[in-house]
Amino acid sequence: QVQLVESGGGLVQPGGSLRLSCAPSPSGFVISTMNWYRQAPGQEREWVAASTSVGTTSYTDSVKGRFAISRDNTKNTVYLHMNNLKPEDTAVYYCNGAMFRFSGVYIGDYWGQGTQVTVSS
């Protein structure tokens, strides 16, 4: 079964940093456009950032200048680098990617399982 696997969440103090990763499992697939979302307790899921296959990135205003998306094509992994974290960044973070076979055949959009990020002193 194809899925996106996330890792990298945890507890961090305000001002700290975390790096989330998202990769296909099994590994024989390519992520094209990748979006990151987050959902805080009692709130709706909100879009955080996006990265296209050609490297174009975009961010919601509240994380601009603090978060950055990068890709390691050798590992077929997309990262969300989160710096200067604030308590209001606390949420479950989800990746959502458009997945293709190496042949170029689109197989669908997939969600990661979610990873908890908690920013607290």
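## Aromatic pairs

Tyrosine 106 is partly exposed, at 46% relative accessibility. The model is predicted, and a search of the whole of it finds 3 aromatic pairs. One of them joins tyrosine 37 to tryptophan 111. The pair is tilted, with 5.1 Å from centre to centre and 50° between the planes. Tyrosine 37 sits in strand S4 and tryptophan 111 in strand S10 (residues 106–111), so this pair ties together parts that are 74 residues apart in sequence. Tyrosine 37 is partly exposed at 21% relative accessibility. Tryptophan 111 is partly exposed too, with a relative accessible area of 41%.

Phenylalanine 100 and tyrosine 106 form another tilted pair. Their ring centres are 5.3 Å apart, and the planes make an angle of 55°. Phenylalanine 100 has a relative accessible area of 25% and is partly exposed. There is also an aromatic cluster, made up of Tyr37, Tyr94 and Trp111.

## The four-stranded sheet

An open sheet holds 4 strands in the order S1-S3-S8-S7. The pairing is antiparallel. Strands S1 (3–7) and S7 (67–72) are at the edges. Each has a single partner strand, so one side of each lacks a neighbour in the sheet. On average, neighbouring strands are turned by 20° against each other, direction ignored.

Strands of a sheet pair through backbone hydrogen bonds. Here, S3 and S8 run antiparallel and are joined by 5 bridges. Across this pairing, leucine 20 stands opposite leucine 80 in S8. S7 and S8 (residues 77–82) pair in the antiparallel sense over 6 bridges. Alanine 68 has histidine 81 of S8 as its bridge partner, and serine 70 stands opposite tyrosine 79 in S8. S8 is mostly covered, with 5 of its 6 residues buried.

## The turn between S7 and S8

S7 and S8 form a hairpin with 4 residues between the strands. Asparagine 76 is found in this loop. The residue takes a positive phi near 55°. Is asparagine 76 buried or exposed? Asparagine 76 is buried, with a relative accessible area of 15%.

Which residues does asparagine 76 contact, beyond its neighbours within four places in sequence? They are Cys22, Ala23, Pro24, Ser27, Phe29, Val30 and Ile31. Cys22 in that list also belongs to the disulfide.

## The disulfide

The structure holds 1 disulfide. The bond joins cysteine 22 to cysteine 95, with 2.0 Å from S to S. Cysteine 22 lies in strand S3 and cysteine 95 in strand S9, so the link ties together parts that are 73 residues apart in sequence. The torsion about the S-S bond is about 65°, so the disulfide is right-handed.

Both ends are covered. Cysteine 22 counts as buried, at 0% relative accessibility. Cysteine 95 is buried as well, with a relative accessible area of 0%.

## The nonpolar core

How many residues make up the largest nonpolar core? The core has 27 residues. Those with the most contacts inside it are Met34, Trp36, Phe67, Leu80, Met82 and Tyr93. Several strands give two or more residues to this core, among them S3 (18–25), S4 (29–39), S5 (46–51) and S9 (91–101).

Apart from its neighbours within four places in sequence, phenylalanine 67 contacts residues including Leu80, Met82 and Tyr93. Its other contacts include Arg38, Val48, Tyr59 and Asp89. Leu80, a contact of phenylalanine 67, is also the residue of S8 that stands opposite leucine 20.

## Alanine 91

Alanine 91 lies in strand S9. This alanine is buried, with a relative accessible area of 3%. Not counting residues up to four places away in sequence, alanine 91 touches Arg38, Gln39, Ala40, Thr115, Gln116 and Val117. Arg38 is also a contact of phenylalanine 67.

How far is alanine 91 from methionine 34? The two are 57 residues apart in sequence. In space, they are 19 Å apart, C-alpha to C-alpha. Methionine 34 is one of the core residues with the most contacts.

How values were computed: Residues numbered from 1 in each chain as written. Predicted model: local features only at pLDDT ≥ 70, side-chain atom pairs only at ≥ 80, totals over all residues. Heavy atoms only, no water. Pairing = 2+ DSSP bridges. Axes fitted to C-alpha atoms, helices over the stretch in contact; angles between N-to-C directions. Core = buried A, V, L, I, M, F, W, Y, C linked by side-chain atoms within 4.5 Å. Buried < 20%, exposed > 50% of the residue type's maximum accessible area, 1.4 Å probe, protein only. Contact = heavy atoms within 4.5 Å. Disulfide = S-S within 2.5 Å. Phe/Tyr/Trp six-rings, centres within 6.5 Å; stacked < 30°, edge-to-face > 60°.
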